[in-house]
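Hi everyone, thanks for coming. Have a look at the model on the screen, and I'll talk you through a few parts of it.

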Amino acid sequence: MQVGPLSGVEPVQLASAWRQLCGPAALEEAQLEIEEVALEVRCQQCQGVFRPESFSFRCPACDSTQTEVVAGEGVILDNILLDELQQGVPQ
Amino acid sequence: MTRVITILREVSARARAEADEFRREMSRRRTLVVNVLSSPGAGKTSLLAATAVHWGAKRRMAVLVGDIATDRDAQRLAPLAPTVQLTTGGACHLDLELVQRGWEALPEGEVDFLFIENVGNLVCPSSHDLGEHLRVVVLSTTEGDDKPAKYPKAFRTSQALVISKIDLLPHVPFSVRAATDDARTIQPELSVWPLSALHGVGIEDWCDYLDDQRNRIFGIHGRQAANIRS
């Protein structure tokens, strides 16, 4: 999973929630891999991409306020890796 | 053998799609949905009460009011506008399903503005799209002007900032300029409305802003818009 600084999700707490979920579900071997992605913002004036410091969204290059977040806003489920058993689904 | 299933989707994609659908439905009805966020005690209920008093019968407004417990806010607002209390039973924010249930529990009839008074909390509500057209964050002068930088997401995801309780400015160390500058560093497009709901100061400008947003979002122009402003 990718977790960004503006997602409202704290990776340490997400990992803790995962462990609490997996125990009762008998999925102790399931692993969660969290990639912490940086906040990236594109300036719509100069098209430059920057990483805001202290959540300052003003473009550091041209001082424009017309900016959009391009990464780090959400939680993205990247992919699921399944180890398949030769004998099929265990009983 | 390891099988890789590529997903590459936002976990909240479904919730967002449902919120978009609710937003479209409310747009069809020309009901502007306003999600009001703040910490507990910043003055959300007082703001909505002053808004209802200012408009009187000129606008049809309704309120869904979220709290962890009690229906005290609904009791305050019910004499002024149709109100439904949403009690979360401990949850720190409202979600779309609660809002939809509240909307269905309101008396039938046309509504120009549906206000959602979120649970008092500057953190969690900012991560939940309730199908609103407009998100407003209320910051009171007693909370301190450093709050935008400390709770960036609430300010980043809002279109308007109400600075409430400005009647207390002579008594508290709060700079409207500092709070505004800080908030606009995070969200440069933020409209800022300093007001005192208690004394009615700034309420007319705030209400005009809401009218303008409704006209802009629903494409109401010319004489029709002028009638709405009158």
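Let's start with a definition: the radius of gyration here is taken over C-alpha atoms, and the globule rule is 2.2 Å times the number of residues to the power 0.38. By that rule, a compact globule of 91 residues would come out near 12 Å, but chain A has 19 Å. Along its principal axes, the C-alpha trace of chain A spans about 60 × 25 × 10 Å.

Quick housekeeping. This is a predicted model, where local features need pLDDT of at least 70, side-chain atom pairs count only at pLDDT 80 or more, and totals for chains, interfaces and linings use all residues. Residues are numbered from 1 along each chain as its sequence is written, while chains are lettered from A and ligands numbered from 1 in the order in which they are written.

So what is chain A built from? It has one helix and six strands, in the order β-α-β-β-β-β-β. Helices (H or I, at least four residues) and strands (E, at least two) are DSSP runs, numbered from the N terminus. Buried residues make up 18% of the 91 in chain A; buried means 20 or more other C-beta atoms within 10 Å of a residue's own, exposed means 12 or fewer, partly exposed is in between, and the C-beta atoms are placed from the backbone.

Now, how do the chains meet? 19 residues of chain A are in contact with 23 residues of chain B, contact being C-beta atoms, placed from the backbone, within 7 Å. Strand E6 (residues 75-83) of chain A pairs with strand E1 (residues 2-10) of chain B, antiparallel, over seven bridges; pairing takes at least two bridges found by DSSP. One of the bridge partners to look for is B:Thr2, which sits across from A:Asp83.

Stay on strand E1 of chain B, where you'll find B:Leu8. B:Leu8 isn't a glycine, yet its phi is positive, about 45°. It counts as exposed because it has 9 C-beta neighbours inside 10 Å. B:Thr70 is also a residue other than glycine with a positive phi, near 70°, and its place is the loop between strand E3 (61-67) and helix H3 (72-77) of chain B.

Last stop: helix H2 (residues 44-55) of chain B. After H2 comes B:Gly56, with a positive phi near 55°.

Key. Two residues are in contact if their C-beta atoms, placed from the backbone, lie within 7 Å.
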